[in-house]
Amino acid sequence: MSKLLIVESPSKAKTLKKYLGSDFEVLASYGHVRDLIPKNGAVDTANDFAMKYDIIERNSKHVDAIAKAVKSADSIYLATDPDREGEAISWHIAEILKSKNLLKNKVMKRVVFHEITKSAVEHAIAEPRDISMPMVNAQQARRALDYLVGFNLSPLLWKKIRRGLSAGRVQSPALRLIVERELEIEAFKSQEYWSVHLDALKHSHGFTAKLIQLNNQKVEQFTVINHDQQSDIVGKLLLASAGKTTVSRVEKKQRSRSPAAPFTTSTLQQEAVRKLGFTTSRAMRVAQQLYEGMDVGSGTVGLITYMRTDSFSIASEAIAQIRDYVKKNFDAEYLPKAAIQYKTKSKSAQEAHEAIRPTDISRTPASVRQYLTDEQFKLYEMIWKRALACQMAPAKFDAVSVDLSVGSDANLFRASGQTLVFPGFIAVYMEGTDDEEEEGESKLPHLETGEVLTVEKIYGDQHFTEPPPRYGEASLVKILEEYGIGRPSTYASIISTLQDREYVLLDKKRFTPTDVGRVVNKFLTEHFTKYVDYAFTSNLEDALDSVAEGEREWLPLMAEFWQGFNQQLLSKADVERPGNELIDEACPKCGKPLQKQLSRFGTFIGCTGYNDEPKCDYKRSLNGAAQVGSDPIIIGNDDESGKEIMLMNGPYGPYLQLGLAIEGDKKKPKRVSVPKEISLTDMNLETAKMVLSLPRDLGLHPVTNKKIVANIGRFGPYVNHDAKFKSIPKTESVFTIDLDGAVALLAAAHTGPAPLATLGNHPTEDGQIEVFAGRYGPYVQHGKIRATLPKSVEPESLTLDEALELLMAKAQKEAPAKKTATKKPAAKKIPAKKPAAVKATAKKPAASKTAAKKPAAKKAAPKKAATQ
């Protein structure tokens, strides 16, 4: 009896094939197989939201392979991922096979497993089920909602702001969070305040206490607000102390800290960003590799459970195994008397899913280190430690709080300290934080009430209130989860989309909105307030969860949404384009009012007389520097040459030019591209001179004694030595790199480039699949095959499956050329007759000359065929 198992990824297929044996054929769909047609009307709002699907072109060959295998199979098992997306993929595959009439007299079932181990897979095969239509309908509703919002709002943004913009049901509220935080920061006004401290000494042990009560009044943050006030207070306290302070209260208590819950998708992403320096998309890509299976010497096995989950629960068998590991490898007090249960906070969490944990806790990070890449090892180690720690005893601290009186009990200073007396789970794992500082561990001397201590000094510390920090990837994921915007499986794509659309920039690991992001957010919050509202977005997610759980029908939900959204669209059809904002300043060139304007290069100050006659083309950046537009912008004059420095826009981006081109002058004006590291809004005369100083002569190479030059080219900054070029990495600057740095860079060039990322082993062949930075952009490589990444794909977000697709396409593209090229020897048979031809024409020089040219012409024919 022939059986066919269908999964999503080829690497998972390879693992499962080893478990299931020769009875099963295992094929991969390579992700989604169908999607909505990319046209208006893909969701028919007038006909019960009927959805028009088409097979995704890049996966059509995989669909054909599945269809072919189904013909000879008796039983078909759909084993796509255990979530809504996986359920929908199974349904789409089933629908395609039904449309081809391939399921007659065949059994088709859905199987689900949350870890790829032999026992879990065999158990799933033994207990198959039908496709869950509530889960499919929830996914269809989500896809339809995203389509209706994107396909209707995006053209409106093109019309009202500029082409190429997009809006999204979840992406837009996320953008709003980042913009509103930036507005908070800009509106923030720092306030001065002071804290007053006392340094006390008992024998040789010194410690510090902070003023908490002054003249029987509680000291608040803004009780002391300037230098004079603190100076007066410090002076009076010094006089009152007479060099002594009395211990008025000592309180000792034992504190404990419990371990963090095992990882969910959200907390895994946050910790991977904080602890490992990963991006959210990189964390998910590596987790996928660990889930799908690695060869660890004893065979291929999934190392972790399914990585898309919002549940904290762990299977009882896994808890027992973890507790047994703690019992065997730690002292008795590290194991709690009873297993620790964690309650999932998310009301939509599917408790049938587990938290992210190792499939086998006895498979320690050290035991699999040699089989993993660096990033796979780091993530597995973090998951393993977190899972182990979650079943360990709390950490215990001895906490001491001491009050010191000065002059009388009306003036109190407080000192607090804690000492770790039992590490508990901290011996294995400590949870990271975003912005708040970890609580420090300090020790106080043994003190008794009534004891008199020496005062070393009393002093004030000046502070200023700080604005709220910008969101980083970890804190953005955390706030998205708190607001219920999106779901854990979508956080990475939300962040990637905001960056791809250039609505936000990630600077020093913090998000700042671009000018375009601000304008888009302002337009949406003013005209589509409801649809970027946090509560509305969260409630809609809850409604989709209700559909998935079978508690609600999806069509009434769609109708309710569309009715309100469509009315809003119709009412905003004639809304005015976001106006340019007038500023209280006159144009220095013509005297007309100036205004803020948005261009493809960002926001700038321009004259309102640009469209008048005579035209005034005055413009500058927000900080007074020049703004690149269609006309050259004069930055200032070069001191040495006296020529004007102009900022211009070329086919490869903005550049600086020294002077104008003079007709008849063979020497062209000096031009230098503006490095990407320099913002156009920061371009001023000093910066322009620095750019025009390129190329920089760094000196002579110590070995070859030849010159090394630093410069900027079409593909970015580089060093040049002996006609060999090496790109300068982002960690260096073309303006600061010195001779030693350039020599080291050139030396590293001979060792070959380091990969940007290692995606994992090839599922069917030897060797790893790696991503490199190339001269013409990033590319993926396996063996000798290299495939350039599409511009829409970021190296960090590339999955192993996508890489395999690119490599397969490149291999197929190269195959015909190689096949044709093998026919060249046959073509050489024509000139093989050359000796006879020469002999026959030996008596006729003229004919001989003609005959000699023929073989050369015929040789060109096979060459041409080989390139077709």
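Here are some notes on the predicted model shown above, point by point.

1. **Ground rules.** This is a predicted model, in which local features need pLDDT of at least 70 and side-chain atom pairs count only at pLDDT 80 or more, while totals for chains, interfaces and linings use all residues. Residues are numbered from 1 along each chain as its sequence is written, and side-chain values use heavy atoms, with hydrogens and water left out.

2. **The whole chain.** The chain has 23 helices and 35 strands; these are DSSP runs numbered from the N terminus, with helices (H or I) of at least four residues and strands (E) of at least two. Of its 868 residues, 47% are buried. Buried means under 20% relative accessible area, exposed means over 50%, and partly exposed is in between, using a 1.4 Å probe and protein chains only.

3. **Contacts and surface.** Take the contacts (heavy atoms within 4.5 Å) with a separation of 6 or more: 65% of them are between residues 24 or more positions apart. The chain exposes about 45,500 Å², and carbon and sulfur atoms supply 50% of that. Accessible areas come from the Shrake-Rupley method with a 1.4 Å probe, and for residues only the protein chains shown count as cover.

4. **Helix H16, its length.** H16 covers residues 534–548, and its end C-alpha atoms are 21 Å apart, which agrees with the 21 Å that 15 residues should span at 1.5 Å a residue. The expected span is 1.5 Å times one less than the number of residues.

5. Is H16 enclosed or open? Twelve of its 15 residues are buried, so H16 is largely enclosed by the rest of the structure. The buried ones include Tyr534, Leu540, Glu541, Asp542 and Asp545. They pack against several helices, among them H3 (84–99), H5 (133–160) and H17 (554–571).

6. **Helix H16, its two ends.** At the start of H16, a side-chain oxygen of Asp533 comes to within 3.1 Å of the backbone nitrogen of Ala535. After H16 you'll find Gly550, with a positive phi near 80°.

7. **A covered strand.** Five of the six residues of strand E26 (653–658) are buried. E26 runs antiparallel to strand E27 (670–673), and four bridges join them; two strands pair if DSSP finds at least two bridges between them. Look for Leu656, whose bridge partner in E27 is Val672.

8. **Aromatic pairs.** The whole structure holds 19 aromatic pairs. Rings of Phe, Tyr and Trp (its six-membered ring) pair if their centres lie within 6.5 Å; planes under 30 degrees apart count as stacked, over 60 as edge-to-face and the rest as tilted. Tyr291 and Tyr306 are edge-to-face, because their ring centres are 5.2 Å apart and their planes are at 65°. Tyr291 is in helix H9 (280–292), while Tyr306 sits 15 residues away in the loop between strand E14 (300–301) and helix H10 (316–329). Both tyrosines are buried.

9. Phe561 and Phe565 are stacked, 5.3 Å centre to centre with 20° between the planes. Being four residues apart in helix H17, Phe561 and Phe565 are separated by about one helical turn. An α-helix has 3.6 residues a turn, so residues three or four places apart point the same way.

10. Gln288 is in helix H9 and is buried, at 18% relative accessible area. Leaving out residues up to four places away in sequence, Gln288 touches Asp81, Met307 and Arg308. Phe413, in strand E16 (408–422), is buried at 0% relative accessibility. The C-alpha atoms of Phe413 and Leu211 are separated by 4.2 Å, although these residues are 202 apart along the chain.

11. Which peptide bonds are cis? One joins Glu613 and Pro614, with omega about -5°, and another runs from Leu694 to Pro695, with omega near 0°. Pro695 lies in the loop between helix H18 (685–692) and strand E28 (696–700). Asn216 has a positive phi of about 70° although it is not a glycine, and counts as exposed at 54% relative accessibility. Ala242, also not a glycine, has a positive phi near 55° and is exposed at 63%.

Definitions and conventions:
A polar contact is a pair of N or O atoms within 3.5 Å; within protein, one must be able to donate a hydrogen and the other to accept it, and residues adjacent in sequence count only if both atoms are side-chain atoms.
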